[in-house]
Amino acid sequence: MNNFNFYNPTRILFGENKIAEMTNFIPQDARVLVLFGGESARKHGTLGEVITSLGDRYVEEFGGIEANPSYSTLMKAVQQIKDNKLDYLIGVGGGSVIDGVKFISLAVSCKGDAWQEILVDKAKGITQALPFGAVLTLPATGSEMNSNSVVTRYETREKMAFSSQLVYPQFSVLDPTKVSTLPPRQIANGIVDAFTHTMEQYLTYPVNARVQDRFAEGLLTTLVEIGPAILKDPTNYELQANFMWTATLALNGLIGAGVPQDWATHMIGHELTALHGLDHAQTLAIILPSVMSEQREQKHDKLIQYAERVWNITEGDDDTRIDLAIAKTRDFFEQMGVRTHLKDYQLGLADIPQMIKQLGEHGLTQLGEHSDIDLAKSTKILEASV
Ligand code: NZQ
Ligand code: ZN
C-alpha cells in the first residue's frame with residue numbers, strides 16, 4: 001500500500017427529512033445565500049424545506065446554475081454575495097450546483113481573474129473560502145463529500161477541474177427520497193459516474209491494498225445490482241439509500257487512499273462535454289471501455305481481478321477473461337440506457353483531432369497511473385470509441 005494523508009471533514013446528515021436538522025450546523029447570525037439549478041429544487045419542494053430549516057436567518061436565493069456550471073453564471077452569484085455581504089452558502093442540487101458553490105466560495109476572495117486563479121492556477125494562491133453546506137438531490141459525483149469542482153467556460157469551450165482543501169462542504173444532507181423525482185437519464189448518469197469513479201481508483205496495478213480493493217469491488221457490485229433495479233423502481237427507499245451512499249463513497253477519498261489512480265477517462269471525457277455538450281456520464285460510458293482495452297497490458301492484473309470478483313469470470317485464458325469483463329462493463333452501461341460509442345452521439349473520426357488539440361492545450365498529455373497516456377495514446381483511445 002502506498003503512503004497517504006487522508007482528510008475529510010464533511011459532516012453527513014443521511015436519511016429522510018434530514019434537511020430539517022441542518023439548521024443545527026449553520027451559525028445563527030449567518031447571512032445565507034441558497035443556490036440551486038433550474039427549477040427542479042423549487043418544483044419538487046426541496047428549496048422550500050431548506051428555507052424552512054433556515055428559520056429566522058437572513059436568506060437570499062440564486063437560481064439558474066446550469067448542468068456543467070458556467071463560469072459567467074457563477075460570477076453573478078459572486079457579485080450578489082459581495083453586494084449584499086452574504087457569508088454562508090448552501091447548494092441545493094447535484095454535482096453542478098455543489099461544484100458551482102465550491103468555485104464561488106473561493107472566487108469571492110480572488111483579487112484578479114477568478115478563472116485564472118482557480119481553474120488555471122488551481123487555487124494555489126487562495127487561502128480562504130466562504131463556508132458552505134450542500135443538500136444533494138442527485139447521487140453521482142461525490143461532490144457532496146469531496147474537495148473537487150469542475151467549471152465550464154462556454155465562450156472558450158473549456159471545462160476544467162480544480163481541487164482545494166478549502167472547499168469541503170461543512171455538511172451535506174443526503175436525503176435518499178430526492179431520487180424519486182429524477183428522470184431516468186439522470187439516474188443512469190449517476191450510476192455510470194459513480195461506477196467510473198470507482199474504476200478509476202481501482203483499475204490500475206496491484207499495491208496489495210486489500211481493503212481498498214474489496215471496498216471498491218463492493219461499490220461496483222452494489223451499483224451493478226441496484227442500477228437496473230432503481231431505473232425500474234425509482235421510489236424504492238432501500239434502493240435510493242444504497243444508490244446515494246454508494247455514489248458518495250465512490251469519490252470521498254476513502255477508496256483512493258494509498259492506491260494508484262487513473263483519471264484518463266474523466267479528463268478525455270471533459271473535453272467531449274466542453275466541445276460537444278454530452279452529459280458527463282455519457283462521455284465516461286464512451287471512454288472507459290476503450291481505456292480498459294487500450295491499457296490492457298498495464299492493467300492486466302487488476303483486469304483479471306475485476307473480471308473474477310465483480311463479474312464472476314473464472315474461465316478461459318487471460319485475454320478472453322479481459323475481453324468478457326470489458327464487454328460486461330459496456331453492456332451494463334447500455335443496459336442503464338447510456339450509449340457507449342461516439343457514433344451514438346453523431347460523432348466520429350473527424351471530431352477526434354479537435355479533442356486531442358484541447359487535451360494538449362490543457363496540458364493533459366501524461367494521463368493514467370503510469371503517466372503513459374500521451375496524445376498519441378488518447379487518439380487511439382478515442383479511435384477505439386467510435
Ligand atoms: O437544474 P435542475 O432543474 O435542478 O435539474 C437538474 C439538472 O438538469 C436535474 N436534477 C437534479 N436533481 C434532481 C433533478 N431533477 C429532478 N429531481 C432531482 N432530485 O439533473 C440535471 C443534472 O444535474 P447535474 O448537477 O448537472 O448532474 P451531476 O450531479 O451529474 O453533476 C455533473 C457535474 O459534476 C461534475 C461534472 O463534470 C458535471 O459538471 N463532476 C464533479 C465531480 C466532483 N465535484 O468531484 C466529479 C465528477 O466526475 C464530475 O466531473
Ligand atoms: Zn465523474
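1. The protein chain of this predicted model falls into domain 1 (11-177) and domain 2 (183-384), with bounds from an automatic or database domain assignment. The centres of the two domains, taken over C-alpha atoms, are 26 Å apart. Residues are numbered from 1 along each chain as its sequence is written, and chains are lettered from A and ligands numbered from 1 in the order in which they are written. Local features need pLDDT of at least 70, side-chain atom pairs count only at pLDDT 80 or more, totals for chains, interfaces and linings use all residues, and side-chain values use heavy atoms, without hydrogens and water.

2. Between the domains, 24 residues of domain 1 are in contact with 22 residues of domain 2 (heavy atoms within 4.5 Å). About 2,100 Å² is buried between them, and carbon and sulfur atoms give 64% of that area. Buried area is the accessible area (1.4 Å probe) that two parts lose on being put together, summed over both. On the domain 1 side, Pro-139, Arg-157 and Lys-159 lose the most area to domain 2, together 29% of what that side buries.

3. Which polar links cross this interface? There are five residue pairs in polar contact, both residues at pLDDT 80 or more, and zero salt bridges. A polar contact is a pair of N or O atoms within 3.5 Å; within protein, one must be able to donate a hydrogen and the other to accept it, and residues adjacent in sequence count only if both atoms are side-chain atoms. By class, the side of domain 1 that touches domain 2 has eleven nonpolar, seven polar and six charged residues (nonpolar: Ala, Val, Leu, Ile, Met, Phe, Trp, Tyr, Cys and Pro; charged: Asp, Glu, Lys and Arg; polar: the others, Gly among them).

4. The zinc ion (ligand 2) is held by Asp-193 (OD), His-197 (NE2), His-266 (NE2) and His-280 (NE2), at 2.0 to 2.2 Å. Donors are N, O and S atoms within 2.8 Å of the metal (3.2 Å for Na, K and Ca); water is not among the atoms, so sites may look incomplete. The donor spacing in sequence is D-x3-H-x68-H-x13-H.

5. The rule for salt bridges, a side-chain nitrogen of Lys or Arg within 4 Å of a carboxyl oxygen of Asp or Glu, gives a count of 15. One of them joins Asp-262 to Lys-299, with the closest N and O atoms 2.7 Å apart.
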